Amino acid sequence: MFNLDRIREEFPILKERVHGHPLVYLDNGATTQRPARVINKMNDAYLRYNANVHRGVHHLSNLCTDANERARQRARDFINAQRAEEIIFTRGTTESINLAAYSYGEAFVRPGDEILVTGMEHHANIVPWQMLCERKGATLKVIPVSDSGELLVEELPRLLTPATRLLAVAHASNVLGTINPVRQLVDAAHAAGARVLIDGAQAVQHLPVDVQALDCDFYAFSAHKMYGPTGVGVLYGKRELLADMPPWQGGGEMIKEVSFERTTYNDLPFKFEAGTPDFIGVIGLGEAIDYLSSIGMSAIAAREEALASRARERLRALPGLVLHGDAPLASPVISFSIPGVHPLDAGTLLDRLGIAVRTGQMCAEPLMHRYGVTSMIRVSFAMYNTFEEIDILLDGLQRVIALLSPSR
Ligand code: PMP
């Protein structure tokens, strides 16, 4: 049973007041809030068993190392990876994608090759591939987006060529919410001999993810968007592929033996984890996964879908507001414009009412161009949001339109 009161109790920040109003936090796509149990778990680690991992023979180091490896198992279970060594801890989605682009690129991308991305990617899933293409003399190609915010999959046969090495695609768009048909894309890419990286930054917190069922080659996500701490993320990669990729960064823990003549590298996943990791953050990520699992991803998805469909319906009915994207399958992320009103002004006015929304180009400039705008207003829901908060948002937007819209 989904117990909203109990869930909201777990997030003390939701009781904060902003400019004299109760906080209405609708910027969960940027970062979610963390439940007290995640913060307490990290506090406890700092206070009782803080020690560097994989290094010491002493008691605290062993405790901390065990807690980190348990978190790796939890991450493995969470996305149903086959093996724990396929879970690489990183700083977040951005670092995960940069790692994959660099290391996969070094091993497999040659001049004349092609990398395929989509028109709705976050900059984190565009720029590392662009940098790779520049380094290797490869070409970046783009799957276009329809008016309703869906990928034009019918373009795939034209875009996937024998030169395509990899397709990089968001599981869910951080702007439109669109959930992409990733399994279908993986099959098409694999049939063409290309690998697939899925950017799961906007998916893992909203729906059950099974990397074996998806058959993707890489999957990237961040802890801070799924009720965990900042500074930690995961790159999942298929073991046989990771084994054939060179290390990305050099330093401690990624080595087996070092001499001035030659260094040999550690086994997976440590080959890709140079330097002291955010080992307390990793423990926090493990706790966030436990928390999500205790509620159940299906229950979370159902709750958020109810919130988002109500919000979409109400926003669509609001005169003076234009919704962007209308995909039948979407995460609880909704972006819109108010013609004649700058998103920054709207966001500032909403903030005065205690409502936190995101405004700007959402780290997705090419998608802004696709919709002919330079910025949008985005509301993104988490399981702890309420239907009353949707009413407050709608009241706030009515005031924005009445005050700022030239046509009213
Ligand atoms: N991809 C998507 C789809 C995102 O929404 C984000 C975060 N806005 C990122 C990548 C980057 O994540 P991070 O900043 O945690 O590295």
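I took a pocket, on a 1 Å grid over the protein atoms alone, as an open set of points with protein on both sides within 12 Å along at least five of seven lines, and a cavity as a set of points where a 1.4 Å probe fits but cannot get out. Lining residues have an atom within 4 Å of a point. Grid points are joined across faces, edges and corners, and a volume is the space filled by probe spheres set on the points.

The model is predicted, with pLDDT of at least 70 required for local features and 80 or more for side-chain atom pairs, while totals for chains, interfaces and linings use all residues. Residues are numbered from 1 along each chain as its sequence is written, and side-chain values use heavy atoms, with hydrogens and water left out.

**Entry 1: the largest pocket**

I looked up the volume of the largest pocket and got about 310 Å³. It has 24 lining residues, and those closest to its centre are Thr-93, Thr-94, His-122, Ala-201 and Lys-225. Helix α4 (residues 93-108) supplies the largest share of this lining, three residues; helices (H or I, at least four residues) and strands (E, at least two) are DSSP runs, numbered from the N terminus. I sorted the lining by class and found seven nonpolar, 10 polar and seven charged residues. In this scheme Ala, Val, Leu, Ile, Met, Phe, Trp, Tyr, Cys and Pro are nonpolar, Asp, Glu, Lys and Arg are charged, and the others, Gly among them, are polar.

**Entry 2: the ligand**

I asked where the ligand sits, and the space it takes is the largest pocket. The test is that more than half of a molecule's atoms lie within 2 Å of the grid points.

For polar contacts I used pairs of N or O atoms within 3.5 Å. A polar side-chain atom of Asp-199 is 2.5 Å from a ligand nitrogen. The side chain of Gln-202 has an N or O atom 2.7 Å from a ligand oxygen. At Thr-93 a polar backbone atom lies 3.4 Å from an oxygen atom of the ligand. The ligand taken alone exposes 400 Å², of which the protein buries 85%; areas come from the Shrake-Rupley method with a 1.4 Å probe.

**Entry 3: cavities**

I counted two cavities of 30 Å³ or more. The largest cavity holds about 40 Å³. I noted its lining as Val-53, His-54, Asn-68, Glu-69, Arg-72, Phe-89, Glu-273, Pro-277 and Val-282. Helix α3 (residues 59-79) gives the most to that lining, with three residues. By class it has four nonpolar, two polar and three charged residues.

The second largest cavity holds about 30 Å³. Its lining is Leu-176, Arg-312, Leu-323, His-324, Gly-325, Val-333, Ile-334 and Ser-335.

**Entry 4: backbone**

I found a cis peptide bond from Leu-268 to Pro-269, with omega near 0°. Pro-269 is in the loop between β12 (263-265) and α10 (279-295). Asp-215, a residue other than glycine, has a positive phi, near 60°. I placed Asp-215 in the loop between α8 (211-214) and β9 (218-222).

Note on methods. Polar contact = N/O pair within 3.5 Å; in protein donor to acceptor, adjacent residues only side chain to side chain.
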